[in-house]
Amino acid sequence: SHNVDLCFTPMIIADSFIKSSKARNNEFSTSPEDTPLVVQFASNNHEDFVRATQYVAPHCNGVDLNCGCPQRWAIKEGYGCAL
């Protein structure tokens, strides 16, 4: 509805996403109009990242591993620019 060329989700924490259906329902929602859609994950290990992408793959056009977030909490957890 906003005539954008690409849609991104907010950053989703991969380990919480794979552990909890409540987290999946709260963190990821989309509509057919959100296309092309890239889902952005924060993860500090490849296993969680791969498992999280498997949940969203049927509903998006791509995934992104956030490697640039400079927030202190993200760095402390080994996410974003801490990678």
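Exposed is over 50% relative accessible area, buried is under 20%, and partly exposed is in between, with a 1.4 Å probe and protein chains only. This is a predicted model: local features need pLDDT of at least 70, side-chain atom pairs count only at pLDDT 80 or more, and totals for chains, interfaces and linings use all residues. Residues are numbered from 1 along each chain as its sequence is written, and side-chain values use heavy atoms, leaving out hydrogens and water.

Helix α3 spans residues 46-56, and its buried residues are Asp48, Phe49, Ala52, Thr53 and Val56. They sit on the same side of α3 because their arc around the axis is only 130 degrees, taken from the directions from the helix axis to the C-beta atoms. Helices (H or I, at least four residues) and strands (E, at least two) are DSSP runs, numbered from the N terminus.

What covers that buried side? The cover includes α1 (14-19), β3 (37-42) and β4 (62-65), where contact means heavy atoms within 4.5 Å.

Now the cysteines. A disulfide here is a pair of cysteine sulfur atoms within 2.5 Å, and the count is 0. Cys60 is in none; the nearest cysteine sulfur, that of Cys7, is 12 Å away. Cys60 is also buried, at 16% relative accessible area. Cys81 is partly exposed, at 41%. Its closest cysteine sulfur, in Cys69, is 7.0 Å away, too far for a bond.
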